[in-house]
Amino acid sequence: MIRFFLHEAVYTFVICSVVLHLCWSKRSKKGTRDASNYFGFAVGFAVLISYLCVGSVNNGAFNPAVATGLIVARCFTTYCVPMASLWMFWASELGGAVVAAIFFLALESIPEDELEL
């Protein structure tokens with residue numbers, strides 16, 4: 001259970017962090033317009049790497065709505081045992097997203113003159 005929680009939380013953090021830094025960062029908006037052509041590529045590879053790393057362990061839902069739909073559909077067709085672990089999908093993704101948002105806000109508050117080497 002803890003392994004599942006950590007997998008989902010860490011890779012949700014990765015996906016949310018990539019999206020936040022690419023789409024909402026002040027620094028990414030400063031560049032040329034050509035840089036935004038690769039944003040979808042970066043997000044797609046974050047999802048791909050996340051799924052390749054933990055997809056075989058927990059089917060890599062990374063979206064609690066998808067996991068809820070699959071578990072409820074399985075409950076209607078066969079048995080409702082997986083309903084007991086439904087909270088894990090919601091808690092792990094929420095935890096990973098909150099940590100990614102805190103991480104993003106902490107990095108965005110650093111002035112740019114301190115970032116230059």
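Predicted model: local features only at pLDDT ≥ 70, side-chain atom pairs only at ≥ 80, totals over all residues.
**Entry 1: what covers α4**

I started with the cover over helix α4, and what lies over its buried residues includes α5. By "buried" I mean under 20% relative accessible area, with exposed being over 50% and partly exposed in between, using a 1.4 Å probe and protein chains only. Helices here are DSSP runs of H or I with at least four residues, strands are E runs of at least two, and both are numbered from the N terminus.

Residues are numbered from 1 along each chain as its sequence is written, and side-chain values use heavy atoms, with hydrogens and water left out.

Which residues of α4 are buried? I found Pro64, Ala67, Thr68, Ile71 and Cys75. Looking down the axis of α4, I see these buried residues fall within an arc of 100°, so they line one face of the helix. The arc is taken from the directions running from the helix axis to the C-beta atoms. On the other side of α4, I noted Leu70, Phe76 and Thr77 as exposed.

I also checked the length of α4: it has 14 residues and reaches 20 Å from first C-alpha to last, close to the 20 Å expected at 1.5 Å a residue. The expected span is 1.5 Å times one less than the number of residues. At the start of α4, a side-chain oxygen of Asn63 comes to within 3.1 Å of the backbone nitrogen of Ala65.

**Entry 2: the cores**

Next I looked up the nonpolar cores. A core here is a set of buried Ala, Val, Leu, Ile, Met, Phe, Trp, Tyr and Cys residues joined through side-chain atoms within 4.5 Å. The largest one has six residues: Phe4, Ala67, Ile71, Leu86, Met88 and Phe89. Helices α4 and α5 each supply at least two residues of this core, and the largest share, three residues, comes from α5. A second, separate core has five residues, among them Tyr11, Ile15, Ala46 and Phe62. As background, nonpolar side chains tend to be buried together in soluble globular proteins.

**Entry 3: an aromatic pair**

How many aromatic pairs does the structure hold? I get three. Rings of Phe, Tyr and Trp (its six-membered ring) pair if their centres lie within 6.5 Å; planes under 30 degrees apart count as stacked, over 60 as edge-to-face, and the rest as tilted. I looked up Phe4 and Phe89, which form an edge-to-face pair, 5.0 Å centre to centre with 75° between the planes. This pair links distant parts of the chain, with Phe4 in α1 and Phe89 in α5 (residues 86–108), 85 residues apart. Both Phe4 and Phe89 are buried.

**Entry 4: along α1**

Phe5 sits in helix α1, which covers residues 2–23. Is Phe5 buried or partly exposed? Its relative accessibility is 28%, so I put Phe5 down as partly exposed. Leaving aside neighbours within four places in sequence, Phe5 is in contact (heavy atoms within 4.5 Å) with Met88, Ala91 and Ser92. The C-alpha atoms of Phe5 and Ala91 are 8.1 Å apart, though 86 residues separate the two along the chain.

The buried residues of α1 include Phe4, His7, Tyr11, Ile15 and Ser17. For the length of α1, the 22 residues should span 32 Å at 1.5 Å a residue, and the end C-alpha atoms are 31 Å apart, which agrees.

**Entry 5: along α5**

I counted 23 residues in α5, reaching 34 Å from first C-alpha to last, close to the 33 Å expected at 1.5 Å a residue. Its buried residues include Leu86, Met88, Phe89, Gly96 and Phe104.

Ile102 and Ser17 are 9.7 Å apart, C-alpha to C-alpha.

**Entry 6: the whole chain**

Finally I stepped back. The protein chain has six helices and zero strands. Of its 117 residues, 28% count as buried. Among contacts between residues at least 6 apart in sequence, 73% join residues at least 24 apart.

Technical notes. Polar contact = N/O pair within 3.5 Å; in protein donor to acceptor, adjacent residues only side chain to side chain.
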